[in-house]
Amino acid sequence: MSMLYERARHLPLANQPWDEAGARAAIREIVADAEAAFRGDDLWPRHPLEDYPGDRYRNLYWGAAGTIWALHHLAASGASGLGRDYSAAASKLHAEYLAEPDAGLGRNPLYMIGEAGILLVEVILSPSSSAAARLQRAVEASLEKAPDLCFGATGAMVAANFAYRKTNDPAWRAILERCVDRLWATWSYSSEAGCHLWQAVYPFGGPTTHLGGCHGVAGNVMALMQVIDLLEPAKYDELCRRCVEVYENTAVVEGGRANWWRSVGDPGWGKNKLLVQWCYGAPGMVTAMRRFPSRAERGGSDRMESLLRQAAELTWRAGPLAKGAGLCHGTAGNGYAFLAMHERTGEPVWLDRARSFAMHAISQVREARVVHGHGRFTLWTGDLGVAVYLWQCIQGSAGIPSLDYL
């Protein structure tokens, strides 16, 4: 089993039975900690484990837009009370971002790390026609970027899909169709790999063919699966075929479990690895196929079902992540693979496993808070994402926040 993951990156699962009351209490703790740490115009303090320059970030991934969305989402869903309304803060984020772009990232129109994500949160919490127009411009400006969820055009497609589903506006439908066409046009057949792959050029490396959820194949096919109901029959069938093709031809299978390398060929930066995280590896490959047709539906595949089950089994075998509790590369993010499998199969074991990871994540959040003196106030790398995951474990609902719903 050591071939499929690095044991040192994982922890033994804490032997804590599921406690719904305890999970609800942990959500309230996280929200209270975030509210107490809010610094007005200075937003939230940077956590010591966030290894980026600067102190004030506004993006969706690790900035104030994601934090504000999570706080309001938890309040609106009944998971926790909220001591203040952050809609006014959300309405100012974009102007503040333009005046002072997030350090290390620069001003960009992207969804996860730039303008589109900030603006979409503003449109949700403090809607205005000017914000909607700015969002449309940001999405259109993202179209020619790399085929990548976090650093490119794929994130713009996710944002356009949210906007279209919310408004049913033909203008958004047209932009969404352009996003689909752009992503499809860059999906090329690799004779070496025997499947269709995307190659992207990243700011910190050369051309790279990644496979993961945050960067690469999984993130891209997830976005295409979100609009599968809008595709013409021939493209629907071809999408399903290509998904099976790429998953099968790039999987590493051993002992009834499956994982995927970070990249096909040259990883572009660092060493190519078999990771078990949402961003790279089995968990993200599972959640990306949440909407893939079942066996009984058109385009369904026994082979895909088998690979998803094997990937989820590996995620369980590997255990919680030592790196932390968060979504992108933490215990909660891995747990979303189990929620996706529970939704897909109806088998109670997957919800039980998701809840086991939830209890472990609670312990990780509390231990880190003691060590650092305060929480980690971000959606994708910190405690707010964990709180949202805990709520979904209570509800038994699948879907990644800010990707599957917002």
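Helices here are DSSP runs of H or I with at least four residues, numbered from the N terminus. The model is predicted: local features need pLDDT of at least 70, side-chain atom pairs count only at pLDDT 80 or more, and totals for chains, interfaces and linings use all residues. Residues are numbered from 1 along each chain as its sequence is written, and side-chain values use heavy atoms, with hydrogens and water left out.

Start by selecting residues 64-76, which form helix α2, and pick out T67 within it. T67 counts as buried because its relative accessibility is 0%; the cut-off for buried is under 20% relative accessible area, with a 1.4 Å probe and protein chains only. Now show what surrounds T67. Beyond its neighbours within four places in sequence, T67 is in contact with W44, F377, T378 and L384, contact being heavy atoms within 4.5 Å.

Centre on Y247: not counting residues up to four places away in sequence, Y247 touches A218, V221, W260, M285, A288, M289, M304, L307 and L308.

Next, select helix α11 (residues 302-318) and helix α13 (residues 348-372). Their axes come within 11 Å and cross at roughly 35°; axes are lines fitted to C-alpha atoms over the stretch in contact, with angles from 0 to 180 degrees between N-to-C directions. The crossing of α11 with α13 is left-handed, meaning that the near helix is turned anticlockwise from the far one by less than a right angle. On the α11 side are R309, A312, E313, T315 and W316, which meet W350, R353, S356 and F357 of α13. By class, this contact of α11 with α13 has four nonpolar, two polar and three charged residues. Nonpolar covers Ala, Val, Leu, Ile, Met, Phe, Trp, Tyr, Cys and Pro, charged covers Asp, Glu, Lys and Arg, and the others, Gly among them, are polar.

The axes of α1 and α13 come within 11 Å and cross at roughly 35°, and α1 passes α13 in a left-handed crossing. Here G22, A23, A26, E29, I30 and D33 of α1 meet I362, V365, R366 and R369 of α13.

Finish at helix α12 (residues 331-345), where 13 of the 15 residues are buried. Just after α12, G346 takes a positive phi of about 75°.

How values were computed: Helices (H or I, at least four residues) and strands (E, at least two) are DSSP runs, numbered from the N terminus. Buried means under 20% relative accessible area, exposed over 50%, partly exposed in between (1.4 Å probe, protein chains only).
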